[in-house]
Amino acid sequence: MTRNNDLVVALSVKLCHNKGCKLIDLKGGRNMAEQQELLTVATAMLDKAYTPYSHFHVGAAAVDASGKIYGGCNIENASFGATNCAERTAIFSGIAAGETHFTALLVTGNTDGPIAPCGICRQVIAEFFDADAPIYLTNQKGAFTATTVAAILPGAFTDLN
């Protein structure tokens, strides 16, 4: 996993400890340190969200196969159909950098329960992640749920057949 520096990891551990995150160790090489780093990046993205209409900030972080993490925030537009969700912003940032395969995604927001991707984001996630890739649904109150791409979008379109 690519780290900006050791301070990022220390901050993420403190953030989860203070907010009561229930990070879990999952199969497939996922570990709590990666989850904490994803949460730190996604949380930092909340402040970058452009939400003049809904005032609903969402942050996301996607990690590619090499371990590089891409952050994303939601970006609203007066033409609501032109709005881009945080999940897609993170994924598209990775794609713009030349990556097309991602291994984990974390989404967070200031919600009562864990925040989940919308339908369009779920289909985009299915395009660039394996079906068993972990998707972490969190909030800023410490809620944490781990799921997979297949679980959040059963029957996803995966090719043009």
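## Basis of the description

Because the model is predicted, local features need pLDDT of at least 70 and side-chain atom pairs count only at pLDDT 80 or more, whereas totals for chains, interfaces and linings use all residues. Residues are numbered from 1 along each chain as its sequence is written, and side-chain values use heavy atoms, with hydrogens and water left out.

## Overall architecture

The protein has five helices and five strands, where helices (H or I, at least four residues) and strands (E, at least two) are DSSP runs numbered from the N terminus. Read from the N terminus, these elements follow the order α-α-β-β-α-β-α-β-β-α.

Of the 161 residues, 47% are buried, a term that stands for under 20% relative accessible area, with exposed meaning over 50% and partly exposed in between (1.4 Å probe, protein chains only). The protein exposes about 8,200 Å², of which carbon and sulfur atoms supply 56%; accessible areas come from the Shrake-Rupley method with a 1.4 Å probe, and for residues only the protein chains shown count as cover. Among contacts (heavy atoms within 4.5 Å) with a separation of 6 or more, 62% are made by residues 24 or more positions apart.

## Buried positions

Helix α4, covering residues 119–128, has C121, V124, I125, A126 and F128 buried. These buried residues of α4 pack against α3, β3 (102–109), β4 (134–138) and α5 (149–152). T147, in strand β5 (residues 144–148), counts as buried at 18% relative accessibility; leaving out residues up to four places away in sequence, T147 touches A133, P134, I135, L137 and I152.

D64 lies in strand β1 and is buried, with a relative accessibility of 1%. Apart from neighbours within four places in sequence, D64 is in contact with Y70, E99, H101, F102 and T103. The side chain of D64 makes a polar contact with the side chain of Y70 at 3.4 Å, a polar contact being a pair of N or O atoms within 3.5 Å in which, within protein, one must be able to donate a hydrogen and the other to accept it, and for which residues adjacent in sequence count only if both atoms are side-chain atoms. A polar atom of the D64 side chain also lies 2.9 Å from the backbone nitrogen of G67. The C-alpha atoms of D64 and F129 are 9.2 Å apart in space, although the two residues are 65 apart in sequence.

## Aromatic pairs and a nonpolar patch

Four aromatic pairs are counted under a rule by which rings of Phe, Tyr and Trp (its six-membered ring) pair if their centres lie within 6.5 Å, with planes under 30 degrees apart counted as stacked, over 60 as edge-to-face and the rest as tilted. The rings of Y53 and F80 have centres 6.0 Å apart and planes at 75°, so this pair is edge-to-face. Y53 lies in the loop between α2 and β1 and F80 in the loop between β2 and α3, so the pair ties together parts that are 27 residues apart in sequence. Y53 is partly exposed at 42% relative accessibility, while F80 is exposed at 58%. Y136 and F144 form a stacked pair, with 5.5 Å from centre to centre and 25° between the planes, and both of these residues are buried. Ring pairs also link Y70, F102 and F129 into a cluster.

Y50, Y53, I75 and F80 make a nonpolar surface patch of about 440 Å². Patches consist of residues with over 30% relative accessible area and no salt bridge, with like charges joined within 9 Å and nonpolar side chains (Val, Leu, Ile, Met, Phe, Trp, Tyr) within 5 Å.

## Salt bridge

One salt bridge is counted, defined as a side-chain nitrogen of Lys or Arg within 4 Å of a carboxyl oxygen of Asp or Glu. K141 forms a salt bridge with D112, and the closest N and O atoms are 2.8 Å apart. The pair links distant parts of the chain, with K141 in the loop between β4 and β5 and D112 in the loop between β3 and α4, 29 residues apart. K141 is exposed at 56% relative accessibility, and D112 is exposed at 70%.

## A loop residue with positive phi

Most residues other than glycine have a negative phi. H55, although not a glycine, has a positive phi of about 60°. H55 lies in the loop between α2 (32–46) and β1 (58–64) and is exposed, with a relative accessible area of 59%.
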